[in-house]
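User: Please go through the fold of this chain with me, one question at a time. I would like the terms defined as they come up.

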Amino acid sequence: MSLDELSFRLRSTFRLSLPAFKRTVPFEALNLPGPARERVERLRESHDLSAWSRCCNVQDWRESLYALDVLSRLLPPSLPEGRGLEVGAKNGSMLPGFVTAVKRGCDAVELDAHRRYLWGSTRRVYGEAMARVFPDCRFIAGDVRSLEGPWSVVTWWLPFLTATPLEAWGLPSRFLAPLELLTHVCSRVVPGGVVFIVNQGEAEHELQGRLFREAGLDAQSLGKIESVLSPFIKPRFGWLWRRSSG
Ligand SMILES: C[S@@+](CC[C@H](N)C(=O)[O-])C[C@H]1O[C@@H](n2cnc3c(N)ncnc32)[C@H](O)[C@@H]1O
């Protein structure tokens, strides 16, 4: 048994966690540079961010503002009724951005939810605390393949497409199943619903395109995703797949 497999099994067995200790801050604590601040002011005019200061630390604000900026520009303006899903939601740090952009109840699923921080709390308690702040939202510890949906809008930031990032995140190789995961998620999307995927780097973007084609799904490349609110250094690229409504 590999070390990654052993430690994944151990943390999935010993799940007890200390509570989520978090230093939540108001938007004003962010100290954003000019263009980013202007963009956030516009987002605050069009979206209700009032709950965020109850659940976001500085990192959550940065990731969620980035998510809100990108999703509010790149998702179709009209979506069918139904729940949202964020795949690979880590500790729920992007959930405020997602929920605020899609304005509906959302599920956030994370396979490695029992991963523990140095101070003894797990991702799960952070994700659950985040989900509790927003009506009709859930943080689910588990494999997205165990969920049946249906969903009308799915976001998927940085799926594992190759072994290297999966290993870097300390996950066992059996979880490398990009085509199966993509097929599972897309098959649970309602007519007219969408799957929005962001990949890191051009090579991954191309690989994602190949997976869509292998799955027989006609997705649209969104090209490079720019955002003045991006806290990330490496370039990111997007795909949007929409289930036909007829
Ligand atoms: C590269 S990380 C990206 C995390 C986060 N979306 C972000 O952008 O920072 C991929 C995440 O997907 C999760 N993941 C991988 N396979 C999964 C699965 N089958 N079901 C749910 N989550 C999964 C991993 O545990 C990890 O947290």
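The questions below take up the sheet, the helices, the core, the backbone and the ligand shell.

User: What kind of model is this, and how are residues numbered?

Analyst: This is a predicted model, in which local features need pLDDT of at least 70, side-chain atom pairs count only at pLDDT 80 or more, and totals for chains, interfaces and linings use all residues. Residues are numbered from 1 along each chain as its sequence is written.

User: In which sense, parallel or antiparallel, do β5 and β7 pair?

Analyst: Seven bridges link β5 (residues 189–200) with β7 (residues 236–242). Asn199 has Phe237 of β7 as its bridge partner, and Ile197 stands opposite Trp239 in β7. The sense of this pairing is antiparallel.

User: How many bridges join β4 to β5?

Analyst: β4 and β5 run parallel. Val153 has Val194 of β5 as its bridge partner, while Trp151 stands opposite Val189 in β5. The number of bridges joining β4 to β5 is six.

User: Which residue of β4 is the bridge partner of Leu85?

Analyst: β1 and β4 pair in the parallel sense, over five bridges. Within β4, the partner of Leu85 is Val154.

User: How many residues of β4 are buried?

Analyst: A residue is buried if 20 or more other C-beta atoms, placed from the backbone, lie within 10 Å of its own, exposed if 12 or fewer, and partly exposed in between. By this count β4 is largely enclosed by the rest of the structure. The number of buried residues in β4 is seven of the seven.

User: Which residues does Phe98 touch?

Analyst: Phe98 is one of the buried residues of α4. Two residues are in contact if their C-beta atoms, placed from the backbone, lie within 7 Å. Not counting residues up to four places away in sequence, Phe98 touches Ala67, Leu71, Gly84, Glu86, Cys106 and Thr155.

User: Which of the 51 residues in the largest nonpolar core touch the most other members?

Analyst: A nonpolar core is a set of buried Ala, Val, Leu, Ile, Met, Phe, Trp, Tyr and Cys residues joined through C-beta atoms within 7 Å. In the largest one, the residues with the most contacts to other members are Leu95, Phe98, Cys106, Val154 and Val195.

User: Is Asp136 buried or exposed?

Analyst: Asp136 lies in the loop between α5 (123–132) and β3, and has a positive phi of about 60° although it is not a glycine. With 12 C-beta neighbours inside 10 Å, Asp136 counts as exposed.

User: Where is Pro150?

Analyst: The peptide bond from Gly149 to Pro150 is cis, with omega near 0°. The place of Pro150 is the loop between β3 and β4.

User: Which residues around the ligand are closest?

Analyst: A residue is near a molecule if its C-beta atom, placed from the backbone, lies within 6 Å of it, and 17 residues surround the ligand. The closest are Gly88, Leu111, Asp112, Val144 and Trp157.

Notes: Pairing = 2+ DSSP bridges. Helix = DSSP H or I, 4+ residues; strand = E, 2+ residues; numbered from the N terminus.
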